[in-house]
Amino acid sequence: MRVLFMGTPNFAVPSLEALNKNFDVVAAVTRPDAVRGRGKKLVPSPVKVAAQERQIPVIETSRITPEVLQQLKDLAPDVICVAAYGALLPDSVMEIAPTVNVHGSLLPRWRGAAPIQRAILAGDERAGVSIMQVVHELDAGDYSLTGSVEIADKPAPILMDELAQLGADLLVDALNAMEAGTLEWQAQDESLVTYAQKIAKQEMALDPALTAADNARKVQASMDAAPSRAVVAAKALRVMRARVSRQPEAANIAAGQVALVHKALLLGCSDGALELLEVKPDGKREMDAAAWARGLHDVKNATWEKI
């Protein structure tokens, strides 16, 4: 089976690797090199790097121009596989060959750009992936194979890696079933649809007016593009790891108050306290939160606030 792959970030790499092991990947379409991180240098997408390592031809484009469309047609794929390409596909692409997508949710829940992070923020017990047909409407196609994992306390990057591998395995199974003519599709129940809008930076700001659990989920769902930040003892920082405090004293810490209890740094929330485990003060390296707190002056009278 001739497979045309379309993807860009790390989430897409396991799918490309799995397809390359099991099918004939005729090309990988990915977004162009972009400035990533603080170095201000052009960096290739993870899919481009993975494809070049495997001698898979790469087509870099941010949109499907008539010239790119002709390139794709000339490749004569039997199927097009998409995993987080990063742009909506025109109908003209789907007309080339059956087009399937590795979507990071248990459809119809969490259609859209940030399904895994939205599942964490909503307090879902499980997150999943669905192999779905790409149609004109966003993430509205029929789905076939699905799988899920427990979210528990996994940080978003770890959960994404786990789901990326699960999605890659399901994609191979789906293509094998498609080739055998045994793959079954199921329409989405429109009454159960929810949407996973892109995460905005300000959404991830920690807030003493929220519950400790809500703040903990923000930290868990945060990533470099939208980190969880706060001002603690008049110092701006990113919270890398945190959890709802289990300390009995947490109930007595007022919202907005900072406390150091049994060497644990606690931030008072609306219903208890958030325990910071690892922080990154602005301009400094990541460090143990309690160690950072020991360097503060007058912790007993310190407060914290939304950034």
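**Entry 1, ground rules.** I number residues from 1 along each chain as its sequence is written, and my side-chain values use heavy atoms, with hydrogens and water left out. As the model is predicted, local features need pLDDT of at least 70 and side-chain atom pairs count only at pLDDT 80 or more, while totals for chains, interfaces and linings use all residues.

**Entry 2, the sheet.** I looked up the strand order and found an open, mixed sheet of 7 strands, S5-S2-S1-S6-S7-S9-S10. Strands (E, at least two residues) and helices (H or I, at least four residues) are DSSP runs, numbered from the N terminus. Two strands pair if DSSP finds at least two bridges between them. Strand S5 (58-60) and strand S10 (143-150) each have a single partner strand, so one side of each lacks a neighbour in the sheet. On average, neighbouring strands are turned by 20° against each other, direction ignored.

I checked S7 (residues 99-103) against S9 (residues 126-133): they run antiparallel and are joined by 4 bridges. Asn101 has Met132 in S9 as its bridge partner.

Contact means heavy atoms within 4.5 Å. Axes are lines fitted to C-alpha atoms, for helices over the stretch in contact, and angles between N-to-C directions run from 0 to 180 degrees.

I noted domain 1 (2-196) and domain 2 (201-306); the bounds come from an automatic or database domain assignment. Their centres, taken over C-alpha atoms, are 35 Å apart. Domain 1 gives 14 residues to the contact and domain 2 gives 9 residues.

I read off a buried area of about 860 Å² between the domains, 56% of it on carbon and sulfur atoms. Buried area is the accessible area (1.4 Å probe) that two parts lose on being put together, summed over both. Gln117, Ile120 and Leu121 supply 48% of the area that domain 1 buries against domain 2.

I then looked for salt bridges (a side-chain nitrogen of Lys or Arg within 4 Å of a carboxyl oxygen of Asp or Glu). The rule finds 1 across this interface. I also listed the salt bridge between the side chains of Arg118 and Glu203, at 2.7 Å, N to O. Helix H5 (115-121) and H6 each give two or more residues to the side of domain 1 that touches domain 2. The largest share, 4 residues, comes from H5.
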